[in-house]
Structure formats: C-alpha cells, structure tokens
Amino acid sequence: MGDTDFPAVMGNWGEARDKATLWRTNFSGKEEFKQSGTGIPTSGYEREYEGDDGSNREPSFTERILYR
C-alpha cells in the first residue's frame, strides 16, 4: 500500500474491526474400543461427536454411541 491508501484503510476500520471480533470453531472426532479373547465375550463401542461454537451463536454438541 502506498501513502494514498491511508484514508481508505482508516475509513473502513470500523467494518474490519467488527468482522475481526466474530469467530467460529468446529470440531469432530471418533473413538473406537473393542475387546475380544479367550473366555471374554467380544464387545466394544464406537463414539462419534461433532460440534461448533462461535461469538454470535449458541454452542452445539452432537454425540452418537454404538455399543457392540
């Protein structure tokens, strides 16, 4: 940017500041457990989860568990 861009940058500072304060994060994952062996019944579970959070939204969390 040159020196002539300074007024445009300063003129848009309010909009840039408002956008900079907004944030959002997403997460997800999977976990699996299984056991088997002599004299042990085969069993386990699988767990999947996902969620999100942000400065302008309520946090959410979803979890699914499957037992085997």
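Analyst: Here are the labels, each set against its cut-off. The model is predicted.

User: What makes up the protein chain, in helices and strands?

Analyst: The protein chain has two helices and three strands. From the N terminus on, they run α-α-β-β-β.

User: Where is Asp-52 found?

Analyst: Asp-52 lies in strand 2, which covers residues 40-54.

User: Why is Asp-52 called buried?

Analyst: Buried means under 20% relative accessible area. Asp-52 has 9% relative accessibility, so Asp-52 counts as buried.

User: How much of the protein chain gets that label?

Analyst: Of its 68 residues, 7% count as buried. The protein chain exposes about 5,900 Å². Carbon and sulfur atoms supply 52% of that area.

User: What makes the pairing of Asp-52 and Arg-24 a polar contact?

Analyst: The N or O atoms of a polar contact must be within 3.5 Å, and one must be able to donate a hydrogen and the other to accept it. The side chains of Asp-52 and Arg-24 are joined at 3.3 Å. That pairing is a polar contact.

User: Which polar contact joins Asp-52 and Arg-57?

Analyst: A side-chain one, at 3.1 Å.

User: Which residues does Asp-52 touch, leaving out those up to four places away in sequence?

Analyst: Touching here takes heavy atoms within 4.5 Å. On that basis, Asp-52 touches Arg-24, Thr-25, Asn-26 and Phe-27, and also Arg-57, Glu-58, Pro-59 and Ser-60.

User: What share of the protein chain's contacts with a separation of 6 or more comes from residues 24 or more positions apart?

Analyst: Those residues account for 29% of them.

Definitions and conventions
Residues numbered from 1 in each chain as written. Predicted model: local features only at pLDDT ≥ 70, side-chain atom pairs only at ≥ 80, totals over all residues. Heavy atoms only, no water. Helix = DSSP H or I, 4+ residues; strand = E, 2+ residues; numbered from the N terminus. Buried < 20%, exposed > 50% of the residue type's maximum accessible area, 1.4 Å probe, protein only. Areas by Shrake-Rupley, 256 points an atom, 1.4 Å probe, with all protein chains shown as cover.
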